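Keep the picture at hand as you read.

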Amino acid sequence: MRTTHLAARPALVTGLVALAAAARLLPHPPNFTPVTAAALFGGACLPRRWQAFLVPLLAFFVSDLVLGFHDQMPGVYGGMLLIAALGRTLRDRRRPLPIATSALFGSVIFFVTSNFGVWAAGWLYPRTGPGLTLCFAAAIPFFGPALLGDLLYTAALFGGLALAERLHPQLGEVGANR
């Protein structure tokens, strides 16, 4: 019976990450997506390091199979890995302020890595210093909706897990994170 409880929490977290990835398939405002939130949440809440990185990547890879791939994918997936690593720092500090601060930093990480990927692709901006500056400047209007989505999806994911843990105490973490 104890093994069932140990497996239930990672399964719930994995399901929430998958649900967040599936939300990308629904109509949404531009840049208002759960990418950053899911990577942060997976990094913070999945018990094993390999799960924390692999689960969000796989979930979004599956949604990208439907949405399609583009030449900026290395920047997007690289950003997700960095944000999952940031999430790992939250494992023992899952309180509102550290989570909100990490969501803000995650938004910045994703902004930098994804827009660097746009610039590196080389078809929209020249691969020069001024081209990089122009790329980041052109992306600034998209940061607000991305940040809002990141904060709301982060609150929904972490809040949903906290509610589930309160309603079902057996879902609480057991053992050390590896």
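Predicted model: local features only at pLDDT ≥ 70, side-chain atom pairs only at ≥ 80, totals over all residues.

## Handedness of a crossing

A crossing is called left-handed if the near helix is turned anticlockwise from the far one by less than a right angle, and right-handed if it is turned clockwise.

## Helix 5 meets helix 6

Start with helix 5 (residues 96-121) and helix 6 (residues 129-167). How do these two helices cross? Their crossing is right-handed.

Two packed helices are described by the angle between their axes and the distance between the axes. For helix 5 and helix 6, the axes come within 8 Å and cross at roughly 145°.

## Helix 2 meets helix 6

Helix 6 also has helix 2 (residues 35-45) as a partner, with axes that come within 8 Å and cross at roughly 35°. This crossing is right-handed too. On the helix 2 side you can find Thr36, Leu40 and Phe41, among others, and they meet a helix 6 group that includes Tyr153, Leu157 and Leu161. Here the contact is made up of 10 nonpolar, two polar and one charged residues.

Which side chain does Arg9 meet in a salt bridge? The partner is Glu165, with 3.0 Å from N to O. Arg9 sits in helix 1 (residues 2-23) and Glu165 in helix 6, so this pair ties together parts that are 156 residues apart in sequence. The model has a count of two salt bridges.

Leu25, Phe61, Val62, Leu65, Val66, Leu67 and Phe69 make a nonpolar patch of about 670 Å². One of these residues, Val62, belongs to helix 3 (residues 49-67).

How values were computed: Residues numbered from 1 in each chain as written. Heavy atoms only, no water. Axes fitted to C-alpha atoms, helices over the stretch in contact; angles between N-to-C directions. Helix = DSSP H or I, 4+ residues; strand = E, 2+ residues; numbered from the N terminus. Patch = residues over 30% accessible without salt bridge, like charges linked within 9 Å, V, L, I, M, F, W, Y side chains within 5 Å. Areas by Shrake-Rupley, 256 points an atom, 1.4 Å probe, with all protein chains shown as cover. Salt bridge = Lys/Arg side-chain N within 4 Å of Asp/Glu carboxyl O. Contact = heavy atoms within 4.5 Å. Nonpolar A, V, L, I, M, F, W, Y, C, P; charged D, E, K, R; others polar.
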